[in-house]
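Work through the following exercises with the sequence and the model open beside you. Each task is followed by a solution that goes step by step.

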Amino acid sequence: MGPPNVTAAMHGTELPPKTTERSDAPLELTGYRKWLSDNLMLLVTLSGVLLGVLLGLSLRPLQLHGDSIMLISYPGELFMRVLKLMILPLVISSLIAGSASLNAKMNGKIALRTLIYFASTSLFNAALGIALVLLIHPGNPDLHNADDRATDRKAVKLLDSLLDLGRNVFPDNLFQASIQQAHTVYLPKPSMLRSLNETLNDTAVALLNGGVEAQRQRLEEIEEVVLVRDVQYRSGTNTLGIVFFCLVFGTFLGTIGQKGQVVVDFFAAVFEVIMKMVTCVMWMTPLGISSVIAGKILSVDNLSLVMAQLIWFIITVAIGVVIYQFIVMQAIYFVFVRRNPFKFYKGLIEPMLTAFATASTAAALPITFRCMNEKLRMDPRITRFVLPIGCNINMDGTALFISVASIFIAQMSGMVLGFGELLTVLLTSTAASMSSASVPSAALVLLLVVLSAIDAPVQDVTLLFAVDWFVDRIRTTNNMLGDCYAAAVVEELSRKELMALDAAAVNYQDLTVGTPNGHHGGLLEGQTELEASSKSVMSDAVVVDMSAVMNNVNLQQEHSNRRV
């Protein structure tokens, strides 16, 4: 703007600036331009998915070499690596900053509500999968491969899976938890190794004498006897243990008051930096997602044959996902939140497409945070608490898939499952899904637990490897959306406590600006302002009556309801 009008200023008035003068106020977009600006990232993500599908299907007739497929998949591999790079600092910073912003009692209430919601929805998805697979009956005995039945391998037991879950929740080394996770394997008993070696030597001698078949039976008997459990570590981030430690650390950090505020601010700043990095990475979405999908489509050997054989299995899982997403989820949101559920669903399309492309809830976690906090305006104290936990525990789509896949394999084998076996599938599918790792195709390993529980052929899982790359993407959207809807429901159920915390924070600030009694006093003789301010801010001397604050919040809500 130019200098003010001198003549007008002499009379005490000033003319408004000319319309031709430059204004720093940004122009507000309207119409289709505003819609395009609000949904630009969604359109970018959707274009990446469609481009990947078209590219993969169009290049399949060319029968590309393995090196060419690898080069096509390489940008997507880099995109996945960058997303996974931000998972660990994002989970640590969000959980510590989120749990420290709440008091210990509030953390306990939110954790209890979250776990109850996760367990209930996982149990419902398992029951939905059982109902659909019994109704549609996709298992065809003609699909069974007799060659696969010749070899059997040691199945994973439910007890081992649950014990490994506890070992990973309580890690003995936090640094090791960031690169390895515990799991149970079966090894020969050390005391029997000498006997086994002697048997091998006897086998070599027996080969000369023609007793091959007898020695083979003896070897199989000894292998069954000497196998014992052994806890080992495999590569992979133990996110469950890190989540547990961060929750406990953040909860106790919030109890020490101003002493720990610098640590809380540090992790809050780390969270903000990671979210800005996510915003930059999202502009790589078209290239990254299209590369991931195209490479996966090109790597399947016989796409049409596999889809034709297992089409009813895919349809069964897809119907369950559609029913849960468009009916059950929306009903839950409307009953608890009392708002338009489809508007909330629309705001989550971008992270849902990312979860579909990457087949991992953890890889989509940075984008999920961004949409929940910025687009849907959810309380960051709830999203920082619920989303990282749900990313590792809440596996609604996995529970649905495991229940459908286990009964599908039983139907292929001609097994007739009674009520007891169906109840076993229901409970084991729920328990196995809550111990699932947030990595692609992790459900196939947990499927062995359910199959061994109902004594179904474990080796038939190999048939599902051909379509799991596609089914995994469908069920992962259920997992991701389940975390977001859980955050919305928990926020609504915890609204009174959150308002009480806000009111307590305001009262605390009002009290600490003056003396410990809350009265503003002047400086004493010979006292500086710095000494007065340091003595007036006494966190231990200020006690906020939470019950009184809650009563005030309830009274305010009653008055607002009466006015309405």
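**Exercise 1. Decide whether C484 is buried or exposed, and find which cysteine sulfur is closest to the sulfur of C484.**

Solution. Begin with the accessible area: C484 has a relative accessible area of 0%, and it therefore counts as buried, a class that means under 20% relative accessible area, while exposed means over 50% and partly exposed lies in between (1.4 Å probe, protein chains only). Next, look for a partner: the closest cysteine sulfur belongs to C371 and lies 8.4 Å from the sulfur of C484, which is too far for a bond, because a disulfide is a pair of cysteine sulfur atoms within 2.5 Å. For the structure as a whole, the count of disulfides is zero. Another cysteine, C280, has a relative accessibility of 55% and so counts as exposed.

Before going on, note that this is a predicted model, in which local features need pLDDT of at least 70 and side-chain atom pairs count only at pLDDT 80 or more, while totals for chains, interfaces and linings use all residues. Residues are numbered from 1 along each chain as its sequence is written, and side-chain values use heavy atoms, with hydrogens and water left out.

**Exercise 2. State how many helices and strands the protein chain has, and what share of its residues is buried.**

Solution. Counting the secondary structure gives 26 helices and two strands, where helices (H or I, at least four residues) and strands (E, at least two) are DSSP runs numbered from the N terminus. Of the 564 residues in the protein chain, 44% are buried. Finally, among contacts (heavy atoms within 4.5 Å) with a separation of 6 or more, 84% come from residues 24 or more positions apart.

**Exercise 3. Describe how α15 and α20 are oriented towards each other, and which residues meet.**

Solution. First take the angle: the axes of α15 (residues 311–337) and α20 (residues 396–412) come within 10 Å and cross at roughly 150°. Axes here are lines fitted to C-alpha atoms, for helices over the stretch in contact, and the angles run from 0 to 180 degrees between N-to-C directions. The two helices are therefore roughly antiparallel, since angles over 145 degrees count as roughly antiparallel, under 35 as roughly parallel, 65 to 115 as roughly perpendicular and the rest as oblique. Then list the residues: F313, T316, V317, G320, V321 and Y324 of α15 meet D396, L400, F401, V404, A405 and F408 of α20. By class, this contact has nine nonpolar, two polar and one charged residues, where Ala, Val, Leu, Ile, Met, Phe, Trp, Tyr, Cys and Pro count as nonpolar, Asp, Glu, Lys and Arg as charged, and the others, Gly among them, as polar.

Leaving out residues up to four places away in sequence, N125 touches Y324, D396, A399, L400, S403 and N478.

**Exercise 4. Find where Q63 and A359 lie, and decide for each whether it is buried or exposed.**

Solution. Start from the general rule that most residues other than glycine have a negative phi. Q63, although not a glycine, has a positive phi of about 55°; it lies in the loop between α3 (40–59) and α4 (66–85) and, at 67% relative accessibility, counts as exposed. A359 also has a positive phi, near 60°, and lies in the loop between α17 (349–358) and α18, but at 3% relative accessibility A359 counts as buried.
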